[in-house]
Amino acid sequence: MTRTHLFILSCASLGGVLLYLTLDTVKPMPSYHFAIEQTGTTSKQPAKYEVAHTPPPPSAPCGAVSKAHKHLLDDWILALQSQQQLDNWRQSLKALPHCLQDIAHSYMLYKKALAHVDENLTIAERFDVLSSLQTQYFPQPVATAWFSEENNWHAHALTRWHILSDKSLSKNDRDALLSAHISQLPQKQRHTIEAAQAFLQLRQHWQSMDYNDFSASFGNDAAQRLVQAQQDQKKWQLRVDNYILKYKSIKETTPVALQSQRLDTLKQSLFNVHEQKRLNVVMAKESLY
């Protein structure tokens, strides 16, 4: 299984340029799933977490530090979360190879520190904090093996942020600099950003795009699905508009004591249970509920 974690943490509002991406990819490797003992329970059997590949036994050697060790720890954390045992992670270190238990302790402290990073920091400030935390919690060989690719993304993202933040540039100059920067990125990063830009363009303009636009950007199969989605959205909007007209009519012409019952009857006659949940979101957004 190829493990790819793509976290779109921040996107530029100008030009739809992806600012901050962390792409975490390693060669095909198994995902490890752990059996975690639940504390405070009467069961003698450990609660199992979707056992797929058995992790290395505690006595297994670790060898040279690698990204695979970080992924093993991530799977261990997922197992703890699945069994609601994350607060007891120290008691579950024994599920890991002995040679990873110390670094797992540091990794958990690092994760907790990340959760307290100020959300109002600029991208440049955030990258500085991440770099500082990596130095604080990990020896250099571990930090290099685990975070060098991520930090490389950060450096390029920071370049894009500086371009977008430069108010002295005209839109044409900004676009030219961004295009030049993206064209010089490694192929994997460039393709990921181009795909993200296509997604942002689709998100912003998909209602006005036609089959040819979709096909040119995403291929024929995707184009067919997107055109169908457009049609489904138009039908849904017509049904919502019809409901809103009738809703307003009931509110204006029906005695208050009878409004609730009639509105409920109207909703149930026009929408199924799942659609009613979606409708509630629309009505709340329109400040009608």
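What is the volume of the second largest pocket? About 200 Å³. A pocket here is an open set of points on a 1 Å grid over the protein atoms alone, where a 1.4 Å probe fits, with protein on both sides within 12 Å along at least five of seven lines. The volume is the space filled by probe spheres set on the points, which are joined across faces, edges and corners.

Before moving on, note that this is a predicted model, where local features need pLDDT of at least 70, side-chain atom pairs count only at pLDDT 80 or more, and totals for chains, interfaces and linings use all residues. Residues are numbered from 1 along each chain as its sequence is written, and side-chain values use heavy atoms, with hydrogens and water left out.

**Stop 1: the pocket lining.** Select Asp74, Ile77, Leu78, Gln81, Leu86, Asp87, Trp89, Met108, Lys111 and Lys112, which line the second largest pocket. Lining residues have an atom within 4 Å of a point. Helix H1 (67-82) and helix H2 (98-115) are the elements that each give two or more residues to this lining. Helices are DSSP runs of H or I, at least four residues, numbered from the N terminus. H1 supplies the largest share, four residues.

**Stop 2: tyrosines in H2.** Select tyrosine 107 and tyrosine 110. Their ring centres are 6.4 Å apart and their planes at 15°, so the pair is stacked (centres within 6.5 Å, planes under 30 degrees apart). They sit three residues apart in helix H2, about one helical turn. Tyrosine 107 is buried at 2% relative accessible area, and tyrosine 110 is buried at 3%. Buried means under 20%, exposed over 50%, partly exposed in between, with a 1.4 Å probe and protein chains only.

**Stop 3: across to H4.** Now widen the selection: Tyr107, Tyr110, Tyr137, Phe138, Trp146 and Phe147 form one aromatic cluster.

**Stop 4: the bend.** Stay on phenylalanine 147. H4 bends there by about 60°, the angle between axes fitted to the seven residues ending there and the seven starting there.

**Last stop: H5.** Select aspartate 173, in helix H5 (residues 171-183). At 42% relative accessibility, aspartate 173 is partly exposed. Its C-alpha atom is 9.4 Å from that of isoleucine 163.

How values were computed. Phe/Tyr/Trp six-rings, centres within 6.5 Å; stacked < 30°, edge-to-face > 60°.
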